[in-house]
Amino acid sequence: MHVNVTDLSVSYRTTLILDKLNLSLPEGKLIALVGPNGCGKSTLLKSIARLLAPRDGQIFLEGQSIHSMSAKDVARKLALLTQTPITPDGISVRDLVAYGRAPYLNAFGHLSAEDKKLIQRSMMLMGVEDLAENSLIQLSGGQRQRVWIAMALAQQTNTLLLDEPTTYLDMAHQVELMNHLQLLNKNGKSIIVVLHDLNQACRYADMLVVLKQGRVVATGTPEQVMSEALLQDVFELNAKIFSDPIAGTPMCIATH
Amino acid sequence: MRLMSVSIFLLLMWALLVSLSLTQGAVVLSLSDIWSVWQQGTLTEHFVLWNHRLPRMIIATLVGMSLALSGCMVQSVVRNPLASPDILGVTSAAALAVVGLLIYWPDANVHWIPFAALIGGFSAAGLLLLLTTKRLAEPSHLALIGLALGALFSAIVDYLLSKYPLEINGAMLWMTGSVWGRNWSHLPLILPWLMVLVPGAIYLCYRLDVLSLGQEKAASLGLKVTHLQVVTLLMAIALASVSVSVCGAIAFVGLVAPHIARFLMGGRHFPVIIIAMLLGAIILLAADIFARAIAPPLEFPAGIFVAMIGAPYFIFLITRYKHW
């Protein structure tokens, strides 16, 4: 297993967000974390990225406990795209993508020729190389999101975590972004993504992890997981499930 | 290269101010005089130049640099355009500690002054953090509580000065933010600190760049975020406090210089701190020249002139600030 979470409890102040959560995620898949608001999916993602200290339990990444690793070691194995990253002023796209090399650089951040090549390649993979000298503020939401992913790619990690990367995008850019993620996944990157849109999750993910109140209630392929009973139980949603006429994956439509 | 051209321009400006600083005042010298005074001036001229103007110019430059650098560092940790050591109350607390020392322990060796200032500065920062732990995310709260604390500390300073009118001569002159009467003996109070803290700040620049992406992103890039924030803040407070120990509380340099530097240089810390330090030196030196050239032989504290530019700028920032 690629990521192993055992008996993980995480609390924010006095509120328990994750409650003895257990989860095993295989390597090389595109995995979607879904669940209602406040179920703890973002917290789980941040815990896997070692941003939160658990109250209890362990997280293993490629067989190693992440809390026995240094922040730099973790940053060389997984990259995280947070929900609302801060865009610093006066920084070009190339400069921003270059920060992806930070876990490999010395205190002065000197980029080698090899680093520069990786930065260029990351921008090309996400189709933002033509924007390299632009300032980030000039870009559209979809372009910006691709730049952030290019930065994560420059980190050269096996695993990419994304927290609701499509939430603020229009539909066309959502599709474009998810296609990009799918392509990256086909090229060998393990991807764990928090998604709000269930139909999007079903369409793109190899595996769904459904959370409710800090616990995992179901894992498996979208076909295995999605049922009207589960939607009722987890989301308190009355919905019917159809087969997506294009992709053939499950698709839910609310009845009321 | 932009950094190069802007620094050269600012260095020339600084050099111009240095020549003014050395020539203007109650005894007016010309630039050519300086050389001849050096060679064979009258005793008075030699004294004025060597014992007054030169150390004063150097100290104004160093204090300006130090305050500007402190402001840059505070702003990058607190991520707050309104933050600077004076607005957070750090400088007035350092001033209070020094005034206290001067009044209650007048015989203390002058070398204790920076340490008193440091204790004051760190206590103020600690108190501020204590009062804002739940609201650190909200810049406006930090600025408001800091301003209130600063007002309180200044009020206590005023109280002490009125209560001990006889002891205050030295304290009074010192605490209004004046470069007057600074001589070579004040240089060791600040120079060693700058020789450690400036290279330290340069060493942290790249990490602070990464931190500007936000705490979470920076942590996911392998940065020890809390560690970096604490070290940076400690350095910033130390810089502000030692400045206070030489010149008293000079407000707004730490706020204005980093802003102009960021406007000129963009987001990266290395060019920003270099330019901010030059600007800080220029602002304070200019204010000091103004303060003594406006009505010689009378001299005003330079701090007053800095505030005359700085305070309106702060008001402008507040009116433009949208996140109350």
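Visitor: In this predicted model, how many of the residues of strand β3 of chain A are buried?

Guide: Strand β3 of chain A spans residues 30-34. The strand is mostly covered. The number of its residues that are buried is 5 of 5.

Visitor: Which residues of β3(A) lie on each of its faces?

Guide: Both faces of β3(A) are covered. Ile31(A) and Leu33(A) are buried on one side. Buried on the other are Leu30(A), Ala32(A) and Val34(A).

Visitor: What is the bridge partner of Val34(A) in β9 of chain A?

Guide: β9 of chain A runs through residues 207-212. It is joined to β3(A) by 4 bridges, and the two run parallel. The β9(A) residue bridged to Val34(A) is Val210(A).

Visitor: In what order do the 4 strands of the open sheet in chain A lie?

Guide: The pairing in this sheet is antiparallel. Its edge strands are β2 (15-25) and β5 (64-65) of chain A, since each pairs on one side only. The order is β2-β1-β4-β5.

Visitor: Which residue of β2(A) stands opposite Ser11(A)?

Guide: Strand β1 of chain A takes in residues 3-12. It runs antiparallel to β2(A), with 7 bridges between the two. Opposite Ser11(A) stands Leu16(A).

Visitor: At about what angle does helix α1 of chain A run to β2(A)?

Guide: Helix α1 of chain A consists of residues 41-48. It lies across β1, β2 and β4 (56-61) of chain A. Its angle to β2(A) is about 65°.

Visitor: Which residues touch the most other members of the largest nonpolar core?

Guide: This core has 151 residues. A second, separate core has 29 residues, including Val10(A) and Leu78(A). In the largest core, the residues that touch the most other members are Leu96(A), Tyr99(A), Ile149(A), Leu160(A) and Ile275(B).

Visitor: Why does Ser122(A) count as buried?

Guide: Ser122(A) lies in helix α4 (residues 113-125) of chain A. Leaving aside neighbours within four places in sequence, it is in contact with Val97(A), Ala150(A), Leu153(A) and Ala154(A). Buried means under 20% relative accessible area. Ser122(A) counts as buried because its relative accessible area is 3%.

Visitor: About how much area do chain B and chain A bury between them?

Guide: In this interface, 19 residues of chain B are in contact with 27 residues of chain A. Of the buried area, 62% is on carbon and sulfur atoms. The area is about 2000 Å².

Visitor: Which residue of chain B forms a salt bridge with Lys46(A)?

Guide: The rule finds 2 salt bridges across the interface of chain B and chain A. In the salt bridge of Lys46(A), the closest N and O atoms are 3.0 Å apart. The partner is Glu216(B).

Visitor: What separates the C-alpha atoms of Leu161(B) and Lys224(B)?

Guide: Leu161(B) lies in helix α6 (residues 139-163) of chain B. It counts as buried, at 7% relative accessibility. Along the chain, Leu161(B) and Lys224(B) are 63 residues apart. Their C-alpha atoms are separated by 44 Å.

Key
Residues numbered from 1 in each chain as written. Chains lettered and ligands numbered in written order. Predicted model: local features only at pLDDT ≥ 70, side-chain atom pairs only at ≥ 80, totals over all residues. Heavy atoms only, no water. Core = buried A, V, L, I, M, F, W, Y, C linked by side-chain atoms within 4.5 Å. Buried < 20%, exposed > 50% of the residue type's maximum accessible area, 1.4 Å probe, protein only. Pairing = 2+ DSSP bridges. Contact = heavy atoms within 4.5 Å. Axes fitted to C-alpha atoms, helices over the stretch in contact; angles between N-to-C directions. Buried area = accessible area lost by both parts, 1.4 Å probe. Salt bridge = Lys/Arg side-chain N within 4 Å of Asp/Glu carboxyl O.
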